[in-house]
Amino acid sequence: MRYILLIAAVFILEPLTLFDFSSESNLSSWYIVNDTVMGGRSDASFEINNEGHGIFKGHVSLENNGGFASIRHQTKTLDISQYSAIKLRVKGDGNRYQLRLQEDNYDRFSYIHYFETTGEWEEITITLKDFEPWFRGRYLQKPNFSGTQLDGLSILVGNKKEQNFQMEIDNILLIS
C-alpha cells in the first residue's frame, strides 16, 4: 500500500510599502492638485513633519465652483496582482476622504473609495476590488479596479462643503 503525503505550503506575502514617510524625506514623487486647475480657490500643502509623518492640510473652498484638494503620488508601473488590499496608517481630523487609484497613467478616470477618519491614529484597510471607477464626480459603467497593476494613487478631500482639513500619514502599504 502506497501512501502519498501532500504538504500544503502557505506563503504569506510580505506587505509592499508604497510609501513610508518616516523613512522617506523626499516628497518629489508627490504633487498637489487642487480645484484651482479649473478656477477654484482651495489651497493645500504637503510636507513631512518632525515626527516623520506626511502632513496633508489646507482649506477647501466652494468659491468659483471649487470644492476639492488632493495630493497625488506617481509610482512606476507596479504589478500588484498578488495583493488584495491597501492599508493606510493615518491620523485624520474627522473628515471623509477619498483614496484614488490609477491602473494606467493614460486613463483619465480613477478608481475611488471613501474612508472616514476619527481624529485618532488608525489603520484603514480597503479591499482593492472595492474601488469603483469615477471621472469628475460621476460613476462610470465599467468594472471595478482589477487589482493587477498600479500606476499612481491620490488622496482627495471634497465633501461639497467649505472646510479646513488636516491628515497625518505614516505609511501606505499593499497587503495580501
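Strands β7 (residues 96–102) and β12 (residues 149–157) run antiparallel to one another and are joined by five bridges. Strands here (E, at least two residues) and helices (H or I, at least four) are DSSP runs, numbered from the N terminus, and two strands count as paired if DSSP finds at least two bridges between them. Within this pairing, Q102 has G152 of β12 as its bridge partner. All of this comes from a predicted model, in which local features need pLDDT of at least 70 and side-chain atom pairs count only at pLDDT 80 or more, while totals for chains, interfaces and linings use all residues. Residues are numbered from 1 along each chain as its sequence is written, and side-chain values use heavy atoms, with hydrogens and water left out.

Moving on from β7, there is another antiparallel partner in strand β8 (residues 110–116), this time over six bridges. Here L101 stands opposite Y111 of β8. Strand β8 in turn pairs antiparallel with strand β10 (residues 132–135) over three bridges, and Y111 turns up again, with P133 of β10 as its bridge partner. Put together, these strands belong to an open sheet of seven, ordered β2-β5-β12-β7-β8-β10-β11, with antiparallel pairing. At the edges sit β2 (30–34) and β11 (138–139), each of which pairs on one side only. In general, strands of a sheet pair through backbone hydrogen bonds, either parallel or antiparallel.

Stepping back to the whole chain, there are 13 strands and zero helices. The C-alpha trace spans about 80 × 40 × 30 Å along its principal axes. Of the 176 residues, 45% count as buried, a label that means under 20% relative accessible area, with exposed meaning over 50% and partly exposed in between (1.4 Å probe, protein chains only). Contact means heavy atoms within 4.5 Å; of the contacts with a separation of 6 or more, 71% are between residues 24 or more positions apart. The accessible surface comes to about 10,300 Å², and carbon and sulfur atoms hold 47% of that. Accessible areas come from the Shrake-Rupley method with a 1.4 Å probe, and for residues only the protein chains shown count as cover.

Next, the aromatic rings. Rings of Phe, Tyr and Trp (its six-membered ring) pair if their centres lie within 6.5 Å, and planes under 30 degrees apart count as stacked, over 60 as edge-to-face and the rest as tilted. By this rule there are eleven aromatic pairs. In one of them, the ring centres of F19 and W30 are 5.6 Å apart and the planes meet at 90°, so this pair is edge-to-face. The two residues are eleven apart in the chain, with F19 in strand β1 (residues 16–20) and W30 in strand β2. F19 is buried at 5% relative accessibility, and W30 is buried too, at 7%. Another pair, F56 with F165, is tilted, at 4.8 Å centre to centre and 55° between the planes. Since F56 lies in strand β4 (residues 54–60) and F165 in strand β13 (residues 163–175), the pair ties together parts 109 residues apart in sequence. Both F56 and F165 are buried. Ring pairs also link F19, F21, W30 and F46 into a cluster.

Some rings have an arginine over the face. A charge sits over a ring if NZ of Lys or CZ of Arg is within 6 Å of the ring centre and within 35 degrees of the ring normal. R89 lies over W121, at 4.4 Å from the ring centre, and R96 lies over Y114, at 3.8 Å.

F109, in the loop between β7 and β8, is buried, with a relative accessible area of 13%. Its C-alpha atom is 6.7 Å from that of P133, 24 residues away along the chain. Neighbours within four places in sequence aside, F109 is in contact with Q102, P133, W134, F135, L140 and K142. L140 sits in the loop between β11 and β12 and is partly exposed, at 21%. With the neighbours within four places in sequence again left aside, L140 is in contact with F109, P133, W134 and F135.

Finally, T75 in strand β5 (residues 69–79) is buried, with a relative accessible area of 11%. Not counting residues up to four places away in sequence, T75 touches L150, D151 and G152.
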